[in-house]
Amino acid sequence: MRRDYFFDRWSLIASRRNSRGHDVAGAEASAGVTPGRWSEACDFCPGNEDRTPPSLLEFGGADPHAPAGGSSWRLRVFRNRFPILPGDADAAAAEAAAAPPLYRVRPSRGGHEVVVESARHDLTPGSFSTAEWADAFRAYRARIAALEAEPGTAWVEVFKNQGALAGASREHSHSQIVALPLVPAPMKVKCRQTAAAECGFCRVVASEMAGPRMVAVNDHFVAFCPFAPQWENEVWILALRHVARLDALGEAAGRSLARMVRDVASAVEQLTPCYNLMLFSGPPGRDFHLHLEIAPHSSGAVKAGFELATGFSVLRISPEESAARYRSLISGTGPN
Ligand SMILES: [Zn+2]
Ligand SMILES: [Zn+2]
């Protein structure tokens with residue numbers, strides 16, 4: 001991995017990702033997943049496990065959505081065959097030895113795993129039940145712990161790319177977990193906020209609560225549109241009380257999180273089928289404030305020259321309007 005000349009910003013050269021399979025149609029056809037609970041062509045569907053690496057973790061038992069013939073698992077985790085950090089340590093070390101100070105490189109090493117949260121092919125994250133989302137978060141916790149136990153892990157990021165415009169290469173819903181050898185610059189900024197005399201995120205929770213940008217609240221989490229979004233209809237989910245990490249959540253708070261993520265994802269999917277969902281759980285041994293960010297994408301909202309040159313965002317809808325839309329969509333959500 002290579003560092004920018006001036007900025008604390010890294011480029012990961014992962015050319016093997018060229019050979020990844022794709023089954024997601026182009027942006028114009030991204031209005032949903034191919035109908036059908038099971039797909040012969042899908043590497044992530046039950047019965048096709050031999051097309052992916054062996055399971056690192058499986059939650060067994062009958063999947064209520066399994067196709068005829070059944071599935072022995074309802075959630076499955078395996079190593080990504082085309083990792084973002086390919087682990088070519090020797091090549092990187094040789095490059096590092098030869099590089100003058102202008103060129104900073106590090107071994108591109110770190111785990112990269114795939115979580116298939118449901119055996120069913122045609123479910124989207126917004127149509128998972130709360131129990132399915134709770135399973136997903138249990139799997140994230142277990143795999144974050146396993147990856148943090150490996151030498152060299154500085155932080156573990158969990159994310160979902162849903163739909164073609166969000167970078168998904170597979171239709172079948174899945175999350176990805178990447179263990180990084182360093183803490184990225186934006187995450188360092190967030191850690192400093194948490195470490196201030198009064199946690200910056202706790203102040204944001206107190207201020208956004210019941211305000212014009214609030215989307216939903218339950219016993220342990222609040223969802224709101226951030227004051228200065230980077231993306232149209234961007235929405236964040238923050239723990240109401242200061243908690244650093246996913247593994248510090250109790251059982252009840254875990255269920256609250258699952259319910260909140262399901263409700264918000266369902267509302268987002270009524271606006272666009274394409275979005276990224278990112279989990280920010282604290283690096284090991286550091287204080288933090290647990291949260292998630294959801295970045296929706298539509299073909300009319302591409303970051304273009306001005307945005308790239310300045311780092312600014314130009315939005316056609318205010319976060320106050322976005323929040324009002326989300327509130328009306330979430331008020332119709334069912335109970336499970
Ligand atoms: Zn599938
Ligand atoms: Zn806090």
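Colleague: How many bridges join strand 8 to strand 9?

Modeller: This is a predicted model, where local features need pLDDT of at least 70, side-chain atom pairs count only at pLDDT 80 or more, and totals for chains, interfaces and linings use all residues. Residues are numbered from 1 along each chain as its sequence is written, with chains lettered from A and ligands numbered from 1 in the order in which they are written. Strands are DSSP runs of E, at least two residues, and helices are runs of H or I, at least four, numbered from the N terminus; two strands pair if DSSP finds at least two bridges between them. Strand 8 and strand 9 (residues 221-224) run antiparallel, and the number of bridges joining them is three.

Colleague: What is the strand order of the open sheet?

Modeller: The sheet has ten strands with antiparallel pairing. From one strand to the next, the twist averages 15 degrees. Reading across, the order is 3-4-5-7-6-11-12-10-9-8.

Colleague: Which helix packs on the sheet at strand 8, strand 9 and strand 10?

Modeller: Contact here takes C-beta atoms, placed from the backbone, within 7 Å. The helix's direction makes about 35 degrees with that of strand 8 (angles run from 0 to 180 degrees between N-to-C directions, along lines fitted to C-alpha atoms). Strand 10 spans 235-239, and the helix touching these strands is helix 7 (residues 319-330).

Colleague: At what angle do helix 2 and helix 5 cross?

Modeller: Helix 2 covers residues 130-148 and helix 5 covers residues 251-269. The contact includes Trp-133 and Phe-137 of helix 2 and Leu-257 and Val-261 of helix 5. Their axes come within 8 Å, and the crossing angle is roughly 115 degrees.

Colleague: Which element supplies the largest share of the side of domain 1 that touches domain 2?

Modeller: An automatic or database domain assignment sets the bounds, giving domain 1 (1-182) and domain 2 (185-336). Their centres, taken over C-alpha atoms, are 21 Å apart, and the contact takes 31 residues from domain 1 and 28 residues from domain 2. Strand 6 (155-162) supplies at least two residues of the domain 1 side. The largest share, nine residues, comes from helix 2.

Key. Two residues are in contact if their C-beta atoms, placed from the backbone, lie within 7 Å.
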